[in-house]
Amino acid sequence: MLASRMEPLKNMPVYIDIQTYADLDKDVPENKAADLRIRIPLDMRAEATCRAQTVQSLRRAQIALREIGVALHAASPERIIVTGGGLFAVTFALGGMLSQRRIQCPVIIEDQYGNAWGLPGHDNGQHRVSKMRPVAVAHPNAKSGRVAVLIGGSKTDPKLFDDFVQSPDLNIAAAGHFSCESTDPAKQSGLIQDGEGLRLAEEFETAVTAFATAENAYDIVLCCALGFPMSVLLGRLFNKYRVTCYDLDSTPQYQPMLVISSTDAQIEQICEENPYSP
């Protein structure tokens, strides 16, 4: 079905609209004219029944994104435009499905205001990625091959993450967070602009890679507090490491969602429980 839908679009633009909210009626414009509409309801309430439904939805996403990736690769579109919104784990996984080593055409993410992210140029240079701020881990395991990272904005409160990485079940060597900060010390950092998105995503990837390399890590526990366009852009770039994506539930606490493979940037595993528990 996907192959037949993509065939007429060969060398044409392809529009993908994604939403992952449980009620699917969030204040996110719906692209009714999209070529592909992805709906993955993720209920992040902490109840066991909600968690079971979320895991089931993620399993369906695992199959769907893989097949969509195959169909898109065969269609060789002129460009791909992504609209909608959703939780970090799935939109990051969508970015992995559209990774730069698999999809050669431009990938543009349109936010709810119509701004286009992912294009080079028009960069006002207002933000840069901060140096890594280390978090003291109560039970570090230097031989685990795993680090935990929070990527956030200038106003992201890292306390939840700092508490999260103290769990011995994570079995990590080290932890730290990176954020966007103003390039002008005299100015407060504001909202990231669409023209900065591609550069900042690349800077985040470079910084996290350096951190992981320094810790001899091949596995990254990743939490992200940036918006939908940035999570897709990040997913396109993080294809050298095995990445376990976490999202906040309603409590709020970080919950494991899915694992992205280091070999093909596809969803490798759906996390029913903590994937690092013995």
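Modeller: A residue is called buried when its relative accessible area is under 20%, exposed when it is over 50%, and partly exposed in between (1.4 Å probe, protein chains only). The model is predicted, so local features need pLDDT of at least 70 and side-chain atom pairs pLDDT 80 or more, while totals for chains, interfaces and linings use all residues. Residues are numbered from 1 along each chain as its sequence is written, and side-chain values use heavy atoms, leaving out hydrogens and water.

Salt bridges, in which a side-chain nitrogen of Lys or Arg lies within 4 Å of a carboxyl oxygen of Asp or Glu, number 15 in the whole structure. One of them joins Arg66 and Glu67 at 3.4 Å, N to O; because its relative accessibility is 39%, Arg66 counts as partly exposed, and Glu67, at 35%, is partly exposed as well.

Asp219 takes part in a salt bridge with Arg146 at 3.6 Å, N to O. Since Asp219 lies in strand S10 (residues 219-224) and Arg146 in strand S8 (residues 146-152), this pair ties together parts that are 73 residues apart in sequence; strands here are DSSP runs of E with at least two residues, helices are runs of H or I with at least four, and both are numbered from the N terminus. Asp219 is buried, with a relative accessible area of 2%, and Arg146 counts as buried at 10%. Asp219 also forms a salt bridge with Arg242 at 3.2 Å, N to O, and that pair links strand S10 with strand S11, 23 residues apart. Elsewhere, salt bridges with shared partners join Asp123, Glu196, Arg199 and Glu203 into one network.

Turning to the rings, those of Phe, Tyr and Trp (its six-membered ring) pair if their centres lie within 6.5 Å, and planes under 30 degrees apart count as stacked, over 60 as edge-to-face and the rest as tilted. This rule gives six aromatic pairs. With ring centres 5.3 Å apart and planes at 55°, Phe88 and Phe92 form a tilted pair; because they stand four residues apart in helix H3 (residues 88-97), about one helical turn separates them. Both Phe88 and Phe92 are buried. Phe92 also pairs with Phe238, their centres 6.1 Å apart and their planes at 55°, so this pair is tilted. Here the partners are 146 residues apart, with Phe92 in helix H3 and Phe238 in the loop between helix H6 (228-237) and strand S11 (242-248), and Phe238 is buried, as Phe92 is. Finally, ring pairs link Phe161, Phe164, Tyr246 and Tyr254 into a cluster.
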